Amino acid sequence: MRFTYAEAMTDPAYYIPLAQAAEAAGYTSMVVADSIAYPEESDATYPYTPGGDREFLDGKAFVETFVLSAALAASTSTLRFTPFVLKLPIRPPVLVAKQAGSLAFLSGDRFSLGVGISPWPEDFAMMGVPFGHRGRRMDECIEVVRGLCTGEYFEYHGEFVDIPRIKLTPAPRRPMPILVGGHSDAALRRAVRLGDGWMHAGGDAGDLDRMLGRIAELEAQRDVPRTLPFEVHVISLDAYTVDGVKRLEDRGVTDVIVGFRVPYQVGPDTESLQKKVDHLRRYADTVITRFA
């Protein structure tokens, strides 16, 4: 089992010391949140809060995902970094491939690309991308990023993306895992069909069991050999006890994502840096050390 530390919507000055503390404590990786802008007016709802509200995001600092990942990678030596998750279809996939491949290369292949589809039409509108057919656009973007991150010449002629035969260098020295987030059946199928893993965003334990079962079913039906072992990253209350982690491991979970405060709060994060470090160290001492 591998352990990922999650912290978001806090003082940006905290991220580097937190990444260094997580590395020292024995965590495998750290996730990096993605958000471009917060619209003043919106009718859209957030899928991961009970009431669908997203006012908690107003005024929260989000350092651009690749910039923050690069800064954290430069400040550590073993910790991995994964966007959780990058809103891929609102971005030009060739540029994403360039950013991700460069970051993987400079970090010594300590970068995995977590991707998802934004639930908000405003994200698409502000980036000049149509909201319709976003699922098919997402599929094409994944294929383009994967093809360009091989370091070989690659061309693509799809419904949404059309590029001539090009090569991006530098490229990752080893294949860069692409992890797909989302809870819909389409997202689970996309993760197994096009991804190297799935990222779960939390929620009801019964829903997680159902989704893990569906992932296992889809993986058993897959008839194309994998280049990389399939990863399953989850948020679960089971992750906070040794027995619970073992239960998740028995269900095929490879990585647990743990955080130590509820981030969906209106207003600034008032928790001190030292308290955050104490939380992550305490978890490492009581749980991570049991799986070393």
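Let me start with Arg165, which forms a salt bridge with Glu155, their closest N and O atoms being 4.0 Å apart, where a salt bridge is a side-chain nitrogen of Lys or Arg within 4 Å of a carboxyl oxygen of Asp or Glu. Arg165 lies in strand S7 (residues 162-166) and Glu155 in strand S6 (residues 154-157), so the pair ties together parts that are ten residues apart in sequence; helices (H or I, at least four residues) and strands (E, at least two) are DSSP runs, numbered from the N terminus. Arg165 is exposed at 53% relative accessible area, while Glu155, at 38%, counts as partly exposed, given that buried means under 20%, exposed over 50%, and partly exposed in between, with a 1.4 Å probe and protein chains only.

A word on the source: this is a predicted model, in which local features need pLDDT of at least 70 and side-chain atom pairs count only at pLDDT 80 or more, whereas totals for chains, interfaces and linings use all residues. Residues are numbered from 1 along each chain as its sequence is written, and side-chain values use heavy atoms, with hydrogens and water left out.

The count of salt bridges comes to 19. Another of them joins Asp185 and Arg214 at 2.8 Å, N to O, and this pair links distant parts of the chain, with Asp185 in helix H6 (residues 185-194) and Arg214 in helix H7 (residues 205-221), 29 residues apart. Lys276 and Glu271 also meet in a salt bridge, at 3.0 Å, and salt bridges that share partners join Glu7, Arg261, Asp269, Glu271 and Lys276 into one network. Within that pair, Lys276 is buried, with a relative accessible area of 1%, and Glu271 counts as buried at 15%.

What about the cysteines, and how many disulfides does the structure hold? It holds zero, a disulfide being a pair of cysteine sulfur atoms within 2.5 Å. The sulfur of Cys141 is 13 Å from the closest cysteine sulfur, in Cys149, which is too far for a bond. Cys141 is buried at 2% relative accessible area, and Cys149 is buried at 11%.

Finally, consider Pro119, which sits in the loop between strand S5 (113-116) and helix H4 (121-126) and counts as partly exposed at 38% relative accessibility. The C-alpha atoms of Pro119 and Arg134 are separated by 10.0 Å, the two residues being 15 residues apart along the chain.
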